[in-house]
Amino acid sequence: MSPTSSRSSRRPVFVLVGGTGDLAVRMLWPSLAMLDQDGFLDDQLRVISVARQQLDHKAFVKMVSDAINGRVGKDLEAGTLERFLKRISHVSLDASNDQWGPGLKAELGDLSQLEVTYFLSVSPSLFKPICEHLAAAGLNAEPNRVIIEKPIGRDLASSKVINDSVAHAFDETRTFRIDHYLGKETVQNLIALRFGNIIFEPLWNAQAIDHIQITVAETVGVGERLGYYDEYGALRDMLQNHLLQLVCLTAMEPPSGLSSDALRNEKVKVLKSLKPIDAATVHSHTARGQYGPGFAEGEKVAGYEAEKGSPSNTETYVAVKAEIANWRWAGTPFYLRTGKCLPSRATEIMIQFKPVPHSIFGGEAQPNRLVIRLQPDEDIKLTLMNKAPGLTAEGMHLQALDLSLSLAAVFDANGEKPPRRRIAYERLILDALGGNNAQFVRRDEVEAAWEWVDGIIEGWQKTGMKPQIYQAGTFGPLSAYTLLDRDGRSWND
Ligand code: NAD
């Protein structure tokens, strides 16, 4: 079914501002083409690229075709590309020029017949001028909406400036803030797992869960993003958004439904319940690291400062002991970590349950563990205790066995081809075109997350806490291990 046809009789238009940029090429054009292939795009949908670059139609079509072939070429069916290319056009406009709004207006045509979704895939410094141009040219009226990308600021104050400038043109219900983790299949599966099964929810609390670990490990260094990254670091770039969104989905109370407000009201309560970390607790609750010389992905790495060519106080690794001050989670810490140049690429949530209250098996009964893997493969594993098979003279022995919910393995066992692994942006673009913002981040979520993160940054500044160097290709700085050692726990490496 077409996502927009049932909502409005207006013709849908997707305006990709920054259509020649890196995000558009790697993610957005391929996502749009795949949505088209699977019949999710309205027959009438037009896609207009807007960017500074002067491109004639032939060069533009080549750029988009290369982007699609490069990312999803092997999944393309006959006819998809040709059909998709008929929808697209490019207009060259510079956002620093007042002609931007009138230029786009001329390209769009009669606005009263259109429902326009603007995707601002440009630097956040352009959000304000672009929203002003849209408002001045009358392109922001209902039902038109806007999608914006991270980073929404580098602290609470700057995020408010960005949010205010967007709010000037689009009200909150028409503002779609992307955290692409929310478009990932396994992240959505977390909601299904928690609230579609009765067996977990009664145990999903501090009485049964010892602690939770959330890891986003990258093998790559900062590469070409050094200029941007040096201003942000791991805490602002990854933890403030992606990891805290995973904390919200793991920790939130059951929402009353799947509506955007029901979900986001519960998420924001989690963020507001995070116990502040400040100068007094920053040493016991956080670890900062920066990769030094070593090896990553089989290649020699010179180290972050050597790559930058000057000293830097930016962390490429951060670990935090987060505590949620509410009835469900008091006493159960969430250990969060993310870093670059680590030995393996993995994103996972590990729920460590407590031991049984009285073990009749001596030390053999290990506590249950639920590991939800998001990357590189999507998999859910529940470790259960099982009787080791066979006879022994001294009686029963236990062994830990995994109950695995690997979708790939299930399809493999049935001799079926698993469904294509979708780009997270496919889900998000589809939802935005349909006006559903449940999987987008609300303003109060962004600001509550920044408020908590600002406390950590201020604590680092006040105490002069510098990143500790770790060898590229290892699991991070020693202080990250001490963080858990202190509590008698260890990372699930
Ligand atoms: P980019 O620099 O590769 O592309 C920027 C685009 O903006 C280009 O199309 C360029 O023509 C256009 N542009 C720049 N200045 C302009 C001006 N004055 N007038 C009109 N157009 C102008 O950027 P990107 O990496 O694609 O990132 C886009 C957005 O997505 C940013 O907000 C970024 O923070 C965010 N983001 C990107 C990635 C990624 O992987 N690239 C990941 C997460 C978030």
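**Close-up 1. Strand E12 is largely enclosed.** Eight of the eight residues of strand E12 (residues 346-353) are buried, so the strand is largely enclosed by the rest of the structure. Buried means under 20% relative accessible area, exposed over 50%, and partly exposed in between, with a 1.4 Å probe and protein chains only. Strands (E, at least two residues) and helices (H or I, at least four) are DSSP runs, numbered from the N terminus. This is a predicted model, in which local features need pLDDT of at least 70 and side-chain atom pairs count only at pLDDT 80 or more, while totals for chains, interfaces and linings use all residues. Residues are numbered from 1 along each chain as its sequence is written, and side-chain values use heavy atoms, with hydrogens and water left out. Both faces of E12 are covered. One side carries Ala 346, Glu 348, Met 350 and Gln 352, all buried. The other carries Thr 347, Ile 349, Ile 351 and Phe 353, also all buried.

**Close-up 2. E12 pairs with strands E7 and E13.** Two strands pair if DSSP finds at least two bridges between them. Strand E7 (residues 209-217) runs antiparallel to E12, over eight bridges. Here Ile 214 stands opposite Ile 349 of E12. Strand E13 (residues 369-375) also pairs with E12 in the antiparallel sense, over six bridges. In that pairing, Ile 351 stands opposite Leu 370 of E13.

**Close-up 3. Leu 190 is a buried residue of helix H7.** Helix H7 spans residues 185-195. Leu 190 has 2% relative accessibility, so it counts as buried. Contact means heavy atoms within 4.5 Å. Neighbours within four places in sequence aside, Leu 190 is in contact with Leu 249, Thr 250, Ile 349 and Ile 372. Leu 190 and Thr 250 are 60 residues apart in sequence, yet their C-alpha atoms are 7.4 Å apart in space.

**Close-up 4. Helix H13 is mostly covered.** Nine of the ten residues of H13 (residues 424-433) are buried. Among them are Tyr 425, Glu 426, Leu 428, Ile 429 and Asp 431. The cover over the buried residues includes helix H1 and strands E1 (11-17), E4 (114-120), E5 (145-148) and E6 (175-177). Just after H13, Gly 435 takes a positive phi of about 75°.

**Close-up 5. The ligand sits in a shell of 20 residues.** Thr 20, Asp 22, Arg 26, Gln 53 and Val 122 come nearest. By class, the shell has eight nonpolar, six polar and six charged residues. Helix H1 (residues 22-37) gives the largest share, three residues. Oxygen atoms of the ligand lie 3.4 Å from a backbone N or O atom of Gly 18 and 3.2 Å from one of Gly 21. A side-chain N or O atom of Gln 53 is 2.5 Å from a ligand oxygen. Taken alone, the ligand exposes 830 Å², and the protein buries 77% of that.

**Close-up 6. Arg 87 is a buried loop residue.** Arg 87 lies between helix H3 (80-85) and strand E3 (88-92). Its relative accessibility is 10%, so Arg 87 counts as buried. The side chain of Arg 87 reaches the backbone oxygen of Asp 42 at 2.8 Å. Beyond neighbours within four places in sequence, the contacts of Arg 87 include Asp 36, Leu 41, Asp 43, Gln 44 and Arg 46.

Methods. A residue is near a molecule or strand if one of its heavy atoms lies within 4 Å of it. A polar contact is a pair of N or O atoms within 3.5 Å; within protein, one must be able to donate a hydrogen and the other to accept it, and residues adjacent in sequence count only if both atoms are side-chain atoms. Accessible areas come from the Shrake-Rupley method with a 1.4 Å probe; for residues, only the protein chains shown count as cover. Ala, Val, Leu, Ile, Met, Phe, Trp, Tyr, Cys and Pro count as nonpolar, Asp, Glu, Lys and Arg as charged, and the others, Gly among them, as polar.
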